[in-house]
Amino acid sequence: MTRSRRLALGLAATLGSAMPTAAAGDIVPADAVINDAAAQVALAETYVRLGDFAAARELYDRILAATDAPSAELLVGAANLRVYNGRPADALPLYRRALALDPSDREARRGLALTLAWTGQKDEALPLLQQLAGELPDDADISTALTSLVPTTDNLGRALELARQRVEKNPDSTSALIELADLEAARGHAAATRSLYARILAIDEGRSVTGFDLRHTRARIGWGDFYGAEAGFRRALAERPSDPGLLTELINLLISMDRLDRAETAALRWLHDSPDSAQAAEVLANVRAKKDPLAAGVPPHPEVLPRTDEAVLALTGGADAYQARGETPPAGLVIPRTAAELQQFAGRYAGQGDFAIAVRCLRAARVADPDYFPARLDLAEFLAINGQYEEAHREFAALAADFPESRQVLLKQARALGWDRRYEDSLDAYAALRELNSADRATLLEQARVATWSKQRDRSANLYAEAWTEPVDLRLAEALARFPKETHPLPATRELLEDLDVEPGAPDSSEPYLATEAFMQEAVDSGDASLADLAFDLRTDLYLQRAFWLENRAKQLAWDARFLESEKTYDRLLAVTPANQEALFDLSQVQAAQGLGHRERDTLGNLLALDANNRLAGRALFRRDRRSEPTLTAAGDHFREKGRGDLSSIRRWRGSLTGEVTIDDRFRFHASLIRWLEDPDTRRKNYYADGFALGGDGVFNERLSGSFEYTHKDYDSNALPTRVTDTGFAQGWLATGTGTRIGLGFERREELANEWALNEGTTSDHRWIGARWDATRRASVEARYDSIAYSDNNDGWHFNLSPAYVWNDHPRTFKTTLSLDWRDTDRDNVYVFTGPVLTDIVHPYWTPQNYFGAALILEWRHDLAREFFIGAPEHWYDIRVSFGIGNDDNAGVSLAADYAREWIDRWLLRAGVDLTESKDWDALRARLSLTYRF
């Protein structure tokens, strides 16, 4: 039967129901019925011409069901209708059956090749497309599909030429414009693609083109408009909720946005609805591999690319230098690689940590093709990672102007501002991004973190709290309220809901998801489909609220110096979000703050296993290594005191050379060679001594730490014959986990304030107990009580209480401390004179009697370091001024300053000076040390 006869029959017949369109109804009598198969096919083609693909497909399905031996032509027509209806995967078996019946059917081969390409089956599609391209050189669909699979310059050029010719001939043809837009997308020309789709929408919103919405949706991904793409996929899934291809695309998009909990829930629901779907199981496994990459197995390390200038020049042709200077490259400049290839090499170099080389590759890509969007975006990001912030910000500003709806552009711009410590600009950028989609918790999480980095803890906590403004426990309680208590299907959940406060807003003392977690366990076993649906509806928010609450809680505990409890909370958080790099780095800092260097090292190692190019983690681990290396320190100390008559009258020098080793990143042991010079003012004679010191300190676990030192001092025989003095200390500290540390210790000191103490070798033994409580990040209080026994049968005691408050945050801090002292000794000084000459002092040291004193200490500390993490190279200064009064009528003022500077990661210089001026007593101390790490 000829095509014209089939069409005529189609226009004169119907299957017993009215035509779905007015045009068809006007032509065909409503009661016309015909059973001729050829007429039915003709009618189906009529439906196609009228744009009613659903009716045409239904008709083809009836024809196929009514025949045992369908023709290849019939199978191809049915397959085409499935493609028109946006279900290319369903068309594949029909095309294959048609080719099995007639291997020479070019329309079947063409349909199969294109559908394979559209469904991502490149290996099978490519040879068919290459064969058809030779047979049908002017077929634009074949050229476009071949270009999308093998975007070579020749393929792309040929396809673009054909597409542009079609657009020139038919400027208002949406199909021609879409074909050209898809080719521009294949070139990575996001701006051109976006412009073409805007032009198509202005014509007729794409209604005349089959599958326009999905093509537009997929094109949006090309310029980072992930929110628009997500909305498009969800619209398509509303019509075809079980379409495996659409589900896969949506879940992969959610993965790209780091919305892994939402992606996992979608995959679980898909697998629940289709338990035998291998594709659903594979997608779920992929999501879980993203959530916990280490559990999924570390991929093999890629081949290391050469880093030489010659190797880079062979890629870029030197074009990067022109782009960096903003110059136009000379005519005839040859760039050995395409923009797409250079962008791929940049990614590989970035993967091995060579961001400077990656930037060079991307600069050359910008010259090779200035409109290639992936290179533009990667260049801006890698410039920021490489610390070239000003240029990165300019690039991001240009991208944001061109693509104001691009989630990826705006998100990476906000990140770069945060890395540059432009925190307010970063927070504003995140706020603008969240206006595009307030449901995206991934951007909310990053915004909350930046607020923490900027030391705006309250603001950060409020942002975290936005995740549980409607707690899942409250939603669960409302959903289950319809069940009578007597017949409640989930008794454990009901009882927990009754015990918990499920009002909006989560208290600090309990987590806002406990009842829902119990419900998840019971709902699985209940067999109730409605409860299963409720579980899926709540699941994403359950895990998001859990993660947000735990991260906020862990940060708050660390903020208030509750390091032990913070570490435990981070461990719980990482059990929920194993790939949480922020949490891993924060955990390493909490461990470092407790002196648990071995745990810090393991945590940083886990972080680098997740992301080998996490520069902050790599730098922190490098510094961890440095801090555990052996050191050699040369130090000098000078002390001068004068006052209280002749009681304080001496100059003292001490020089030392100290070597230190570290074991297991937390136990340090040192040995020193020491030279002393004691110079009492009352004698012209100097007293020299030599000796050594042995000591160590360490952290045994998160609660217990301690230190000790033994010093042996042997005076020169011509100064003080046979005089040997042994001093030292031992102390231990217990952390309670509530911000409190309690210490006990013993210390033996030399009491050398004058020549009589020097001659007598006076020492004092201090047995002490002390405590420190960090009430908040800013407020703390220290207390210590010393029981003192002197070697000359005198006793005393000393109690100090020092509340303190820090008024602002790092890196510039101003702290005030009120130091309160109570002192007493059993026996006062006894001065012995021979005539007018002082010949001896019994108890030759300060012996306060029922003394009370107070000092107000004002301290300014400025951290000048470039990096802010525990163990970073030191560069700071500290200035302290104190004003003291006491009941001994000896008001005074003190000025102290310290400075530290580390350079080349090995040398550390420290210097300090203390000066005290008072009515009865003055003192000066100066110290200097230089340390080298081996």
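Predicted model: local features only at pLDDT ≥ 70, side-chain atom pairs only at ≥ 80, totals over all residues.
Figure 1. Residues are numbered from 1 along each chain as its sequence is written, and side-chain values use heavy atoms, with hydrogens and water left out. Arg57 is in contact (heavy atoms within 4.5 Å) with Leu81, Arg82, Asn85, Arg87 and Asp90, once neighbours within four places in sequence are set aside. Arg57 belongs to helix H4, residues 53–66. Helices (H or I, at least four residues) and strands (E, at least two) are DSSP runs, numbered from the N terminus.

**Figure 2. The protein chain as a whole.** The secondary structure of the protein chain comprises 37 helices and 18 strands. Its radius of gyration is 39 Å, well over the 30 Å that the globule rule gives for 934 residues, so the chain is more spread out than a compact globule. The radius is taken over C-alpha atoms, and the globule rule is 2.2 Å times the number of residues to the power 0.38. The C-alpha trace spans about 145 × 85 × 40 Å along its principal axes. Of the 934 residues, 49% are buried; buried means under 20% relative accessible area, exposed over 50%, and partly exposed in between (1.4 Å probe, protein chains only). Among contacts between residues at least 6 apart in sequence, 54% join residues at least 24 apart.

Figure 3. The buried residues of H33 are Leu564, Ser566, Glu567, Thr569, Tyr570, Leu573, Leu574 and Val576. These buried residues pack against helices H17 (278–291), H32 (529–559), H34 (581–593) and H35 (597–610).

**Figure 4. Glu902 in strand E16.** Glu902 is part of strand E16, residues 892–903. With a relative accessible area of 5%, Glu902 is buried. The side chains of Glu902 and Arg623 are joined by a polar contact of 2.8 Å. A polar contact is a pair of N or O atoms within 3.5 Å; within protein, one must be able to donate a hydrogen and the other to accept it, and residues adjacent in sequence count only if both atoms are side-chain atoms. Apart from neighbours within four places in sequence, the contacts of Glu902 are Arg623, Ala872, Pro873, Glu874, Trp907, Leu908 and Arg933.

Figure 5. Asp889 lies in the loop between strand E15 (875–886) and E16. Its relative accessibility of 52% makes Asp889 exposed. Not counting residues up to four places away in sequence, Asp889 touches Lys919 and Asp920. The side chains of Asp889 and Lys919 make a polar contact of 3.0 Å.

**Figure 6. Aromatic pairs.** Rings of Phe, Tyr and Trp (its six-membered ring) pair if their centres lie within 6.5 Å; planes under 30 degrees apart count as stacked, over 60 as edge-to-face and the rest as tilted. The count by this rule is 16 aromatic pairs. Tyr805 and Trp807 form an edge-to-face pair, because their ring centres are 4.7 Å apart and their planes stand at 70 degrees. Tyr805 is partly exposed at 32% relative accessible area, whereas Trp807 is exposed at 52%. Trp903 and Trp907 form a stacked pair, 6.4 Å centre to centre with 15 degrees between the planes. Trp903, Trp907, Tyr932 and Phe934 form one aromatic cluster.

Figure 7. The peptide bond from His810 to Pro811 is cis, with omega near 15 degrees. Pro811 is placed in the loop between strand E10 (795–806) and strand E11 (812–825). Arg421, although not a glycine, has a positive phi of about 65 degrees; Arg421 lies in the loop between helix H25 (407–419) and helix H26 (423–436). Asp665, also a residue other than glycine, has a positive phi near 60 degrees. The loop between strand E2 (648–663) and strand E3 (667–680) holds Asp665, which counts as buried at 13% relative accessibility.
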